[in-house]
Amino acid sequence: MATVLQRRAALDVPLDEGFRLKLVIDLLHRPVWLGGMAAVVAAAGFQALALLNGALAVVQPIFVLELPFALLIAGVVLRRRVTRHGWVAVTCIAAGLGIALAAAAPSNGIDRPTGTGWVLVMVCCVGTMAVLVHVALRRPEGRVRAACFAAAAAIGYALTAALLKDATHAWQTGGAAGFFLAWQTYAFAAVGVCALFLLQNAVQSGPLVASQPALTLGDALVSLSLGVTLFGEGVRTGWWLIPEMAGAALVLYGAVHLARIPLTQALVAPPARTRG
């Protein structure tokens with residue numbers, strides 16, 4: 001629901017407001033976008049519960065179902081039918097996710113990462129996001145710009161989830177005081193806002209077929225990497241990598257084709273560029 005409302009609100013914002021604070025200020029005056037933010041807050045609560053009880057490598061990959069669910073909700077909101085090609089794409093994403101997770105069989109790791117681990121992760125993630133944003137800003141509106149912004153947003157969302165997972169364990173062990181005294185609490189809020197800002201710019205910078213695959217697979221793969229390296233979560237390797245890669249390929253195939261169907265384009269196509 002958050003995806004439908006936020007992206008619907010972004011349709012009315014001119015492209016030349018992209019990557020400016022005026023974009024956020026303008027969106028704050030739109031009830032539809034505020035409704036989307038309320039849905040984000042609710043989703044964050046459920047995400048925190050999921051991360052508290054499960055591995056990061058399990059919870060975050062499930063977010064690849066965001067676009068299929070957004071499409072189905074948009075079909076109801078806009079009163080449009082999902083085409084046969086759309087259902088095929090949705091089936092590919094769901095099947096690919098199931099195959100990849102069943103093959104990887106992620107297991108729980110440690111509850112609280114070390115300080116050194118967090119320093120390395122923050123430097124790598126934030127540094128990569130900065131490079132992607134730099135590349136995006138040097139490109140005109142189009143596929144490359146949209147893909148770079150989306151990839152940076154994907155890293156931001158994965159990092160937000162990792163920080164949120166650590167913060168929820170701070171709540172579990174230290175209560176509300178431990179939660180609000182933990183630096184991870186404020187870090188996940190800051191990184192989450194940045195990721196949301198980057199996503200809005202990705203939507204406005206080019207076609208969905210360029211940004212959505214980068215966002216869909218990027219979030220899942222980076223989250224999986226953070227789960228393994230930061231939280232010590234285990235995944236199966238060896239010949240299990242074959243069905244894992246096959247599942248990822250199905251997800252990518254479904255995401256690309258789902259981004260091309262008319263209903264998705266009607267929901268998230270960039271608005272016409274204006275000058276003023």
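## Lining of the second largest pocket

In this predicted model, 22 residues line the second largest pocket, and those nearest its centre are Ala 100, Leu 221, Leu 224, Glu 244 and Ala 248. The space in this pocket amounts to about 400 Å³.

Three helices, α6 (84–104), α10 (208–229) and α11 (241–258), each contribute at least two residues to the lining of the second largest pocket. Helix α11 provides the largest share of that lining, with six residues. By residue class, the lining consists of 17 nonpolar, three polar and two charged residues.

## Packing of α7 against α8

Helix α7 (residues 115–137) and helix α8 (residues 143–181) have axes that come within 8 Å and cross at roughly 160°. Angles over 145 degrees count as roughly antiparallel, and α7 and α8 are therefore roughly antiparallel to each other. The crossing in which α7 passes α8 is left-handed.

## Residues at the α7–α8 contact

On the α7 side, the residues that meet α8 are Trp 118, Val 121, Met 122, Cys 125, Val 126, Thr 128, Met 129, Leu 132, Val 133, Val 135, Ala 136 and Leu 137. Their counterparts in α8 are Arg 145, Cys 148, Phe 149, Ala 151, Ala 152, Ile 155, Gly 156, Leu 159, Ala 162, Leu 163 and Asp 166. The residues of this contact between α7 and α8 comprise 19 nonpolar, two polar and two charged.

Definitions and conventions
Residues numbered from 1 in each chain as written. Predicted model: local features only at pLDDT ≥ 70, side-chain atom pairs only at ≥ 80, totals over all residues. Heavy atoms only, no water. 1 Å grid on protein atoms, 1.4 Å probe; cavity = no way out; pocket = protein on both sides within 12 Å on 5 of 7 lines; lining within 4 Å. Points joined across faces, edges and corners; volume = space filled by probe spheres on them. Helix = DSSP H or I, 4+ residues; strand = E, 2+ residues; numbered from the N terminus. Nonpolar A, V, L, I, M, F, W, Y, C, P; charged D, E, K, R; others polar. Axes fitted to C-alpha atoms, helices over the stretch in contact; angles between N-to-C directions. Parallel < 35°, antiparallel > 145°, perpendicular 65-115°, else oblique. Left-handed = near helix turned anticlockwise from the far one by under 90°. Contact = heavy atoms within 4.5 Å.
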